[in-house]
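The following paragraphs lead through the structure shown below, one region after another.

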Amino acid sequence: MPTELKLPFGMKDGKLVQISEVERGLKCGCQCPACNHPLVARKGNKTVHHFAHYQNANCEHALETSFHLAAKKVIEETGYFVLPEVVNDIFYSRQNIFAPTSKLYFDNIYLEKRYDDFVPDIILEKDNKQLCIEIYVTHKIDESKKEKIVKSNISTIEVDLSKIERGLDFNHLREKVVDSIANKNWIYNKKREKVRKQILSNSIKRKIISRKLMQHVDDCPLPARIWQGKAYANFFDDCLGCEFFTGGDDSGEKDIMYCIGHKKEEEIQKLLRQF
Ligand SMILES: [Zn+2]
């Protein structure tokens with residue numbers, strides 16, 4: 001938890017405001033976006049101006065809630081959201097870009113609206129397709145949320161604001177949330193996942209066999225090595241660096257690998273172009 005980070009936003013007359021917009025002290029007339037308790041505007045000379053609960057309310061969600069609201073506000077006002085590039089990392093030894101960074105001009109934006117069995121921080125909607133935006137201030141996406149995202153098959157980007165500077169205002173936040181790509185990660189990309197499944201289903205599942213101290217894969221289509229007329233590969237020396245190695249197994253099955261070396265390069269490229 002970034003203890004340095006203090007509440008820069010409050011609610012006033014039903015609208016989210018930043019500290020510079022209000023009067024000092026209780027006269028600010030603001031409430032906490034999470035618990036609705038009155039806030040005081042601390043605008044002294046010693047610390048960065050910020051809001052604090054007037055009475056020590058036991059409120060844990062003020063930062064998180066105010067950042068969700070503030071992120072939605074700046075995205076909504078800007079009208080677009082910059083997507084980071086989608087990297088093709090399906091293969092182990094070839095990487096290229098599925099999609100360059102681009103601006104998403106969305107039709108609708110929703111805050112904390114339920115989707116299947118979880119509640120994304122923000123949902124952007126374009127042509128009836130949804131993109132989930134997770135704002136990371138104090139809580140990174142955990143495994144259980146990630147599982148739900150994968151199960152729901154909804155493309156998701158995490159915006160990392162955990163290292164954000166103190167004294168934040170809407171303009172600064174707009175730059176971080178809307179325009180920057182440095183702090184955005186694809187947690188899940190629906191199209192990439194579709195292509196990955198296609199690649200795996202077109203691959204051959206091969207066993208990794210222990211022979212003395214070596215790990216072999218038989219019937220290497222290249223072939224990487226031949227022993228007594230039979231093709232094989234050394235898993236660590238050959239397969240791991242091979243451009244046809246397509247990874248392990250989703251189900252966590254042991255001692256197997258996937259290989260697409262039996263396919264022609266143009267067939268592989270055709271599969272990749274489905275992105
Ligand atoms: Zn509160």
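In this predicted model, strand 18, covering residues 225-227, runs antiparallel to strand 19 and is joined to it by three bridges. Within this pairing, Arg-225 stands opposite Tyr-232 of strand 19. The two strands form a hairpin with two residues between them, and Gln-228 takes a positive phi near 50° there. Strand 19, residues 230-234, also runs antiparallel to strand 17, residues 214-218, and three bridges join these two. Here His-216 stands opposite Asn-234 in strand 19.

A further arrangement is an open sheet of three strands in the order 15-21-20, with antiparallel pairing. Strand 15 (204-207) and strand 20 (245-247) each have a single partner strand and stand at the edges, so one side of each has no neighbour in the sheet. Neighbouring strands of this sheet are turned against each other by 45° on average, direction ignored. The pairing of strand 15 with strand 21, residues 256-259, extends over four antiparallel bridges. Ile-204 has Cys-259 in strand 21 as its bridge partner.

The next topic is the metal site. Which protein atoms are the donors of the zinc ion? They are SG of Cys-32, SG of Cys-35, NE2 of His-53 and SG of Cys-59, at 2.1 to 2.3 Å from the ion. The angles among the four donor atoms are 103 to 116°, and the site is tetrahedral. For comparison, the ideal angle for four tetrahedral donors is 109.5 degrees. Along the sequence, the donor residues follow the spacing C-x2-C-x17-H-x5-C. Cys-59, with a relative accessible area of 21%, is partly exposed.

The last topic is the largest pocket, which has a volume of about 710 Å³. It is lined by 34 residues, of which Glu-60, His-61, Ala-62, Leu-63 and Glu-64 are the closest to its centre. Strand 5, helix 1 and strand 12 (129-136) each supply at least two residues of this lining. Helix 1 gives the largest share, five residues.

Methods. Residues numbered from 1 in each chain as written. Predicted model: local features only at pLDDT ≥ 70, side-chain atom pairs only at ≥ 80, totals over all residues. Heavy atoms only, no water. Pairing = 2+ DSSP bridges. Axes fitted to C-alpha atoms, helices over the stretch in contact; angles between N-to-C directions. Donors = N, O, S within 2.8 Å, 3.2 Å for Na, K, Ca; no water. Tetrahedral: all angles 85-135°; square planar, octahedral: opposite > 155°, others 65-115°. Buried < 20%, exposed > 50% of the residue type's maximum accessible area, 1.4 Å probe, protein only. 1 Å grid on protein atoms, 1.4 Å probe; cavity = no way out; pocket = protein on both sides within 12 Å on 5 of 7 lines; lining within 4 Å. Points joined across faces, edges and corners; volume = space filled by probe spheres on them.
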